[in-house]
Amino acid sequence: FDGDLHGTVSGNHIRYDTDSNYIAAHLGLGKTYVRDTNEYDLYGKLYWARLGSDTILIKNDLGNTTYELDSVDSFRTRLGLRWTKNKNESKSYYAGIAWDYEFAGKAKAWHGDYSTPASSLKGSSAFLELGWQTKVTEEDPWGLDLRVRGWTGKKEGFTYSATISRRF
């Protein structure tokens, strides 16, 4: 994982770069029920991720300082339901609702003898998603999936994505 931060804190320009190992995996099970042009997808997923530790040099207007970033392990589950309305063979829209639970995920940093309070996303979050997609077909090698999600709980806010696919 390669990350950068460039910003302003209390009127001082700061920046740092980090390069840590990152590994993740997930496992999911589900069942899709089809009725006419409607699909109902009931699913459960397990997610695990690990971001390795790193030593970073924070550069700012007042000088430079070194911080130690502890490794972070995340383990979470998701239970959800998605309804898809198929308009035809290649076009559909969907709505879904899901509940996430984070079991771990504490992040900690320290400088010398001083440490930051450990932050965590431990707890529940839920989202509502809306989307529209076109699928790749024999006649059209292009596909598109547009999605927006609204989050509440430990995770709050909106996420959105656009995925373009092409078959060769």
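**Strand pairing, salt bridges and surface features**

In strand E13, Ser161 is the bridge partner of Arg147. This pairing belongs to a predicted model, in which local features need pLDDT of at least 70 and side-chain atom pairs count only at pLDDT 80 or more, while totals for chains, interfaces and linings use all residues. Residues are numbered from 1 along each chain as its sequence is written, and side-chain values use heavy atoms, with hydrogens and water left out. Strands (E, at least two residues), like helices (H or I, at least four), are DSSP runs numbered from the N terminus, and two strands pair if DSSP finds at least two bridges between them.

Strands E12 and E13 are antiparallel and share ten bridges; the two form a hairpin with three residues between them. On the pairing of E12 with strand E11 (residues 123–134), ten bridges are again found, and the sense is antiparallel. Here Gln133 has Asp145 of E12 as its bridge partner.

Asp145 and Arg147 also meet through their side chains. The two form a salt bridge, with the closest N and O atoms 3.5 Å apart; the term stands for a side-chain nitrogen of Lys or Arg within 4 Å of a carboxyl oxygen of Asp or Glu. Arg147 counts as partly exposed because its relative accessibility is 23%, whereas Asp145, at 14%, counts as buried. The cut-offs behind these words are under 20% relative accessible area for buried, over 50% for exposed, and partly exposed in between (1.4 Å probe, protein chains only). Both residues belong to a network of salt bridges that links Arg82, Glu129, Asp145, Arg147 and Arg149.

In total, the structure holds nine salt bridges. One of them joins Asp100 to Lys155, with 3.4 Å between the closest N and O atoms. Asp100 lies in strand E8 (residues 91–102) and Lys155 in the loop between E12 (142–153) and E13 (157–166), so this pair ties together parts that are 55 residues apart in sequence. Asp100 is buried, with a relative accessibility of 3%, while Lys155 is partly exposed at 24%. Another salt bridge is formed by Arg50 and Asp73, whose closest N and O atoms are 2.6 Å apart. This pair, too, links distant parts of the chain, with Arg50 in strand E4 and Asp73 in strand E7, 23 residues apart. Arg50 is partly exposed at 32% relative accessibility, and Asp73 is partly exposed at 32%.

Strand E4 leads on to its hairpin partner, strand E3. The two strands run antiparallel and are joined by 14 bridges, one of the pairs being Arg35 with Asn38 in E4. Two residues stand between the strands of this hairpin, and Asp36 takes a positive phi near 55° there. Of the 14 residues of E3, zero are buried, so the strand lies largely in the open.

Strands E3 (22–35) and E4 (38–51) are the elements that give two or more residues to the patch. Ile23 is found in E3 and is partly exposed, because its relative accessibility is 47%.

E3 and E4 also contribute to the largest pocket, as each of them, like E7 (72–86), supplies at least two residues of its lining. The largest share, five residues, comes from E4. The volume of this pocket is about 250 Å³, taken as the space filled by probe spheres set on grid points that are joined across faces, edges and corners. Of the 15 lining residues, Tyr22, Ala49, Ser74, Arg76 and Glu102 are the closest to the centre. A pocket is an open set of points where a 1.4 Å probe fits, on a 1 Å grid over the protein atoms alone, with protein on both sides within 12 Å along at least five of seven lines; lining residues have an atom within 4 Å of a point.

Finally, six strands make up an open sheet in the order E1-E2-E5-E6-E9-E10, with antiparallel pairing. Its edge strands, E1 (2–9) and E10 (114–115), each pair on one side only. Within the sheet, strands E2 (residues 12–19) and E5 (residues 54–60) are paired antiparallel over two bridges, and Ile14 stands opposite Asn60 in E5.
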